[in-house]
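Me: I have a protein model open and would like to learn how to read it. Please take me through it one feature at a time.

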Amino acid sequence: MSSKRPASAALRGCIDACDRCVRVIDAVSPDVYAGALPGRYPIGSHLRHVIEHFQCFLEGVGEGLVDYDARARDESLERSLDEFRSKLRDVRAALIGMDESILRRAIRIRQTASLDANAEIYDSTTERELVFLSSHTIHHLALVVHLCREHDVDLPEDISLAFSTAAHQQAAKG
């Protein structure tokens with residue numbers, strides 16, 4: 001992993017979220033990664049969902065239109081730790097190499113906002129979408145940590161700790 005540290009907190013948050021995903025996949029076996037418990041999605045499906053949001057962002061940010069509904073839904077990412085690890089490595093490298101001058105650039109987001117609606121276009125910025133992506137990833141990691149515990153895989157609490165919660169806890173310690 002590269003040691004380059006972006007100046008942008010939004011980029012650093014996404015890279016940290018990717019690194020948390022690495023910690024998860026380093027801790028689980030291929031069977032645990034792809035295996036579903038009754039009534040649960042497998043860990044791999046949560047992580048596939050996360051990586052495909054990053055991929056949609058990276059594919060669209062240059063043209064100024066990110067379509068989160070256009071995810072590939074590549075089931076091989078759900079079943080193969082190696083495939084997921086490779087895609088995660090690509091995403092992380094792209095984030096590290098991102099030109100920070102585009103962070104405040106206005107972009108458009110295409111996404112379906114409710115079950116009874118068609119996809120619409122929303123205004124945003126590159127930086128705001130990066131904040132969304134890190135938060136979205138950590139939300140899914142909270143679910144993954146729970147699933148890991150059900151598979152008797154113990155992960156540190158901080159993997160699913162929101163940045164705001166960590167900051168609050170630090171402030172409370174004084």
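**Reading the model**

Reply: Start with F132, which is partly exposed at a relative accessible area of 23%. Buried means under 20% relative accessible area, exposed means over 50%, and partly exposed lies in between, with a 1.4 Å probe and protein chains only. Before going on, note that this is a predicted model, in which local features need pLDDT of at least 70, side-chain atom pairs count only at pLDDT 80 or more, and totals for chains, interfaces and linings use all residues. Residues are numbered from 1 along each chain as its sequence is written, and side-chain values use heavy atoms, with hydrogens and water left out.

Me: Where is the place of F132, and with which residues is F132 in contact, leaving aside its neighbours within four places in sequence?

Reply: Contact means heavy atoms within 4.5 Å. F132 sits in helix 6 and, with neighbours within four places in sequence left aside, is in contact with H53 and Y68. For a distance across the model, take F132 and S29: they are 103 residues apart along the chain, and their C-alpha atoms are separated by 29 Å.

Me: How many helices and strands does the secondary structure of the protein come to?

Reply: Helices (H or I, at least four residues) and strands (E, at least two) are DSSP runs, numbered from the N terminus. Here there are seven helices and three strands. Along the sequence, the pattern reads α-α-α-β-α-α-β-β-α-α. The radius of gyration is 16 Å, close to the 16 Å that the globule rule gives for 174 residues, so the protein is as compact as a globular protein of that length. That radius is taken over C-alpha atoms, and the globule rule is 2.2 Å times the number of residues to the power 0.38. The C-alpha trace spans about 45 × 45 × 35 Å along its principal axes.

Me: What percentage of the 174 residues count as buried?

Reply: The figure is 42% of the 174 residues. As a general idea, nonpolar side chains tend to be buried together in soluble globular proteins. A nonpolar core is a set of buried Ala, Val, Leu, Ile, Met, Phe, Trp, Tyr and Cys residues joined through side-chain atoms within 4.5 Å. In this model the largest such core has 44 residues, and those with the most contacts inside it are V24, I43, L47, F57, L95 and L130. Helix 1 gives the most to this core, with nine residues. As for L95, the residues it touches include L11, C14, F54 and L130, not counting those up to four places away in sequence.

Me: R20 is in helix 1. Is R20 buried or exposed?

Reply: R20 is buried, because its relative accessible area is 9%. Its helix covers residues 9–27. A polar contact is a pair of N or O atoms within 3.5 Å; within protein, one must be able to donate a hydrogen and the other to accept it, and residues adjacent in sequence count only if both atoms are side-chain atoms. The side chains of R20 and D16 are joined by one of 2.8 Å. Not counting residues up to four places away in sequence, R20 also touches several others, among them I138, L141, D158 and F163.

Me: What does the count of disulfides come to?

Reply: A disulfide is a covalent bond between the sulfur atoms of two cysteines. The rule used here asks for a pair of cysteine sulfur atoms within 2.5 Å. By this rule the count is zero. For C14, the nearest cysteine sulfur is that of C18, 6.8 Å away. C14 is buried, with a relative accessible area of 0%. For C56, the nearest cysteine sulfur is that of C14, 14 Å away; C56 counts as buried at 5% relative accessibility.

Me: Which residues other than glycine have a positive phi?

Reply: Most residues other than glycine have a negative phi, and most peptide bonds are trans. R73 has a positive phi, near 55°, and lies in the loop between strand 1 (65–67) and helix 4 (76–79). R73 counts as partly exposed at 41% relative accessibility. D152 also has a positive phi, of about 65°. D152 is in the loop between helix 6 and helix 7 and is exposed, with a relative accessible area of 73%.

Me: How many of the eleven residues of helix 7 are buried?

Reply: The count is zero, and helix 7 (residues 163–173) is hardly covered. A166 lies in helix 7 and counts as partly exposed at 28% relative accessibility. After helix 7 comes G174, whose phi is positive, near 80°.
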